[in-house]
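Here is a report on one protein chain. Look at the whole fold before reading the details.

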Amino acid sequence: MANNKKIIRKASLVIISILVMLTCAISAISIWENRIENQFPTWEKVSDTEDRGFESNPDVEMRFAGIDFDVELPNGKHADMVLVDVNVNAPDGANFHHCLAVDYLYKDEWYNVYSMYTGVAAVAWVRGNFHDIKKYPVPCGLFAKDGTYRMFIGGFGSFDIEIIGIEDV
């Protein structure tokens, strides 16, 4: 009878040890996956003064106008579409590139979380005194984290995006 109690006690300790190790492993994986830098396609520290090839045009005003989530593109892939209210106040118009970058503000530092560079061949022109809502595709879920973002559009400049309450949805 004493031997049975020892065997049961040892088996219980082994089972408890295994459960504790599994709990620790699951917790470590969860903590790793929830790290801020693992929640975006890229995570690279950038400075406010760093020239990344995005010239700001003083004749262009941009304002964040919303996001259309999970839009199917012509190639069958899906993307979130950032809606940008663009106003060009120049009689000669302005050119822009189909290049963009998105930064995220974290602990008073900017981090690039997405970039799409298509090259000089993708330059487009908008006529003078142009006003429209332009759509820019980004990976689905890029703006899933609450906070301050800034978006750069080649040839136009940049603007800030405040995302609040999306994590609660």
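A salt bridge is a side-chain nitrogen of Lys or Arg within 4 Å of a carboxyl oxygen of Asp or Glu. Accessible areas come from the Shrake-Rupley method with a 1.4 Å probe; for residues, only the protein chains shown count as cover.

This is a predicted model: local features need pLDDT of at least 70, side-chain atom pairs count only at pLDDT 80 or more, and totals for chains, interfaces and linings use all residues. Residues are numbered from 1 along each chain as its sequence is written, and side-chain values use heavy atoms, with hydrogens and water left out.

**The surface patch**

Val 14, Ile 15, Ile 18, Leu 19, Met 21, Leu 22 and Ile 26 form a nonpolar surface patch. Together they have about 700 Å² of accessible area. Val 14 sits in helix α1 (residues 2-33). Helices (H or I, at least four residues) and strands (E, at least two) are DSSP runs, numbered from the N terminus. Val 14 is partly exposed, with a relative accessible area of 47%. Buried means under 20%, exposed over 50%, and partly exposed in between (1.4 Å probe, protein chains only).

**The chain as a whole**

Buried residues make up 33% of its 169 residues. The chain exposes about 10,800 Å², and carbon and sulfur atoms supply 56% of that.

Strands β9 (residues 147-153) and β10 pair in the antiparallel sense over seven bridges. Two strands pair if DSSP finds at least two bridges between them. Three residues lie between β9 and β10 in this hairpin. In the turn, Gly 155 has a positive phi of about 90°. Ile 153 stands opposite Gly 157. Along β10 (residues 157-163), the side chains alternate:

| Face of β10 | Residues | State |
|---|---|---|
| One face | Gly 157, Phe 159, Ile 161, Ile 163 | buried (under 20%) |

**The core**

A nonpolar core is a set of buried Ala, Val, Leu, Ile, Met, Phe, Trp, Tyr and Cys residues joined through side-chain atoms within 4.5 Å. The largest one has 30 residues. Val 102, Phe 143, Met 151 and Phe 156 touch the most other members. β3 gives the most to this core, with four residues.

Key. Patches are made of residues with over 30% relative accessible area and no salt bridge: like charges are joined within 9 Å, nonpolar side chains (Val, Leu, Ile, Met, Phe, Trp, Tyr) within 5 Å.
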